[in-house]
There are 2 protein chains.
Amino acid sequence: MRIGIIGLGLIGGSLAYDFRALGHTILGVSRQSQTCQDALSLGAVDQASQDLASLAHVDVVFICTPVSVIDAIAARLIPHLTPDTILTDVGSVKGSVVNTLTPLWPRFLGGHPMAGSEDTGIHAAQARLFAGNPYILTPTEKTSPDVLAIMRGLVGKLDCHLYDCSPTVHDRAVAWISHLPKMMSAGLITACLSETDPEIMKLAQAFASSGFRDTSRVGGGNPELGCMMAKYNREEVLRSLYQYRQSIDQLTNIIENSDWPALEILLNQTQTERPKFL
Amino acid sequence: MRIGIIGLGLIGGSLAYDFRALGHTILGVSRQSQTCQDALSLGAVDQASQDLASLAHVDVVFICTPVSVIDAIAARLIPHLTPDTILTDVGSVKGSVVNTLTPLWPRFLGGHPMAGSEDTGIHAAQARLFAGNPYILTPTEKTSPDVLAIMRGLVGKLDCHLYDCSPTVHDRAVAWISHLPKMMSAGLITACLSETDPEIMKLAQAFASSGFRDTSRVGGGNPELGCMMAKYNREEVLRSLYQYRQSIDQLTNIIENSDWPALEILLNQTQTERPKFL
């Protein structure tokens, strides 16, 4: 196949490495000429261009840009595409992207490869980044069966765990295990920062160890990522936060009532259930 | 010095190794004869006994049992002690322990070595567990200066970072960075468990990765530890939970209002401030 990849960062570059290793021809597009040169010299792509028109004759295009620009990129890309080209993306929220792109391009199918690292850019890209990780495709009732079949066949070769679900189900599931953790972890840091006694703050900072480090990591991570989650998955993030607030209230009430048997039951349940998520 | 150590688990056993290596004579006490034999054969102690009366003539006694039994152990130990013996403990909450033991033994000084691992028991004990980690002593206005000086000299030799603060300041500081993280992390798991759609639950479990793993780790850990924190540091844990709820409400309001500039400011702040705790 001839595969176009727009956005040659961690995800786009890693897809390029894997698909090229599988024998496909990779046409990369980046805004920056340096990135195009790097992608070529690293061997990630067969051709690289700053021009979306270079993707006029490809079988599949992966938009691998930040979620915030997917719709603008798609609008500029679509006039160049031939009608049977499949269009997909790798955004970590799906409802808003799918709602916007489906009317623009009938052969659009949303996707979300759940792999990543703290690093970004073409130099962070690596072969087999997706192997063993979930890759979610989000068909709707409008998705043509052949588009879904072709995409399943293509990304299935990445040795990922392939899932199909609706965009809404995807967004609700990732709200629980990715977006809510980001928000509640940020909330921990802002709560600690509310301490007004400088002696206590100094000691809290000195005493913090692995428990604080782990629970605060994502909340102290990339701010743009958190803003993207909240903006593009607003409804499901709010839904998870409302439920989370109930959980915090439940814990608070148990402790206010010194109901230690209830606390033990609750903490035994969290201990028992957590491994099912790992 | 002759040092008594009651409770030969991870902390007691590790203190025994270090103090013995520093030339002190270590008298261990455990409820279980097997633990006494193990401590002797591992070389952690010079003598081991199931009888608190064996500590009649020591300079310092460390109570290294769970917080819940410190007061009962102290009450049974005190009739055997000579008046100049210093009594200390290693409990991770201090207000309740100090309030109970100070009237029973004038030469009591609370302590909290902040080191540990997931493992427990004498076989998990190790030399130099405390090196590089905080060790907090919690004197009050009733603490004799010579008791504080002797204890500072003794535990300072563990190459730990030594801190003095009041029991209240200690308990407030550890509520922020240890006890609140435990509760908010448990709340994440219970919130996720509230999902009633089996498809979403199955996918959430399949999609969970490092962000969920880290934020849920302490909440899915030892339930007894969480119950101990809540029971013996109830007031400060509640204080931190009330503040945390305000932080969650603030985040929720920002997202409800789609106030993305405010969210960016907040998440930039958490990113900037977190490293001060690490």
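This is a predicted model: local features need pLDDT of at least 70, side-chain atom pairs count only at pLDDT 80 or more; totals for chains, interfaces and linings use all residues.
**Notebook: sheet, helix pair and a few loop residues**

Next I traced the strand order in chain A. I get an open sheet of 8 strands, β3-β2-β1-β4-β5-β6-β7-β8, and the pairing is mixed. At the edges are β3 (47-49) and β8 (161-164) of chain A, each pairing on one side only. From one strand to the next the twist averages 20°.

Which strands does helix α3 of chain A, residues 70-77, lie across? I find β1 (2-6), β4 (60-63) and β5 of chain A under that helix, and α3 runs at about 150° to β4(A).

**Strand β6 of chain A**

I looked at β6(A), residues 108-113, for burial. Buried means under 20% relative accessible area, and 6 of the 6 residues are buried, so the strand is largely enclosed by the rest of the structure. I then sorted the residues by direction: Phe108(A), Gly110(A) and His112(A) point one way, while Leu109(A), Gly111(A) and Pro113(A) point the other. Both sets are buried.

For the pairing, I checked β5(A), residues 86-89. That strand is parallel to β6(A), over 2 bridges. Thr88(A) has Leu109(A) as its bridge partner in β6(A).

**Two loop threonines**

Thr85(A) comes up in the loop between α3 and β5 of chain A. Buried or exposed? I get a relative accessible area of 0% for Thr85(A), so it is buried. Leaving out neighbours within four places in sequence, I list its contacts as Val58(A), Asp59(A), Val60(A), Val61(A), Trp105(A) and Arg107(A).

In chain B I picked Thr65(B), in the loop between β4 (60-63) and α3 (70-77). Thr65(B) is buried too, at 13% relative accessible area. Setting aside residues up to four places away in sequence, Thr65(B) touches Ile6(B), Gly7(B), Ile70(B) and Ile73(B).

**α10 against α10**

Then over to the two chains. How do α10(A) and α10(B) pack? Both helices span residues 234-256, the angle is about 165°, and the axes are 10 Å apart. Over 145 degrees counts as roughly antiparallel, and α10(A) and α10(B) are therefore roughly antiparallel to each other. I noted the crossing as left-handed.

I went through the residues that meet. On the α10(A) side they include Val237(A), Leu241(A), Tyr244(A), Ile248(A) and Thr252(A), and on the α10(B) side they include Leu238(B), Tyr242(B), Arg245(B), Asp249(B) and Glu256(B). By class I have 14 nonpolar, 2 polar and 8 charged residues in this contact.

**Positive phi**

Last, the backbone. Most residues other than glycine have a negative phi, so I looked for exceptions. Asp159(A) is one, with phi near 60°. I place Asp159(A) in the loop between α5 (145-156) and β8 of chain A, where it is partly exposed at 43% relative accessible area.

Ser258(B) is another non-glycine with a positive phi, about 50°. Ser258(B) lies in the loop between α10 and α11 (260-273) of chain B. At 32% relative accessibility, I count Ser258(B) as partly exposed.

Definitions and conventions: Residues are numbered from 1 along each chain as its sequence is written. Chains are lettered from A and ligands numbered from 1 in the order in which they are written. Side-chain values use heavy atoms; hydrogens and water are left out. Axes are lines fitted to C-alpha atoms, for helices over the stretch in contact, and angles run from 0 to 180 degrees between N-to-C directions. Helices (H or I, at least four residues) and strands (E, at least two) are DSSP runs, numbered from the N terminus. Angles under 35 degrees count as roughly parallel, over 145 as roughly antiparallel, 65 to 115 as roughly perpendicular and the rest as oblique. A crossing is left-handed if the near helix is turned anticlockwise from the far one by less than a right angle, and right-handed if clockwise. Contact means heavy atoms within 4.5 Å. Ala, Val, Leu, Ile, Met, Phe, Trp, Tyr, Cys and Pro count as nonpolar, Asp, Glu, Lys and Arg as charged, and the others, Gly among them, as polar. Buried means under 20% relative accessible area, exposed over 50%, partly exposed in between (1.4 Å probe, protein chains only). Two strands pair if DSSP finds at least two bridges between them.
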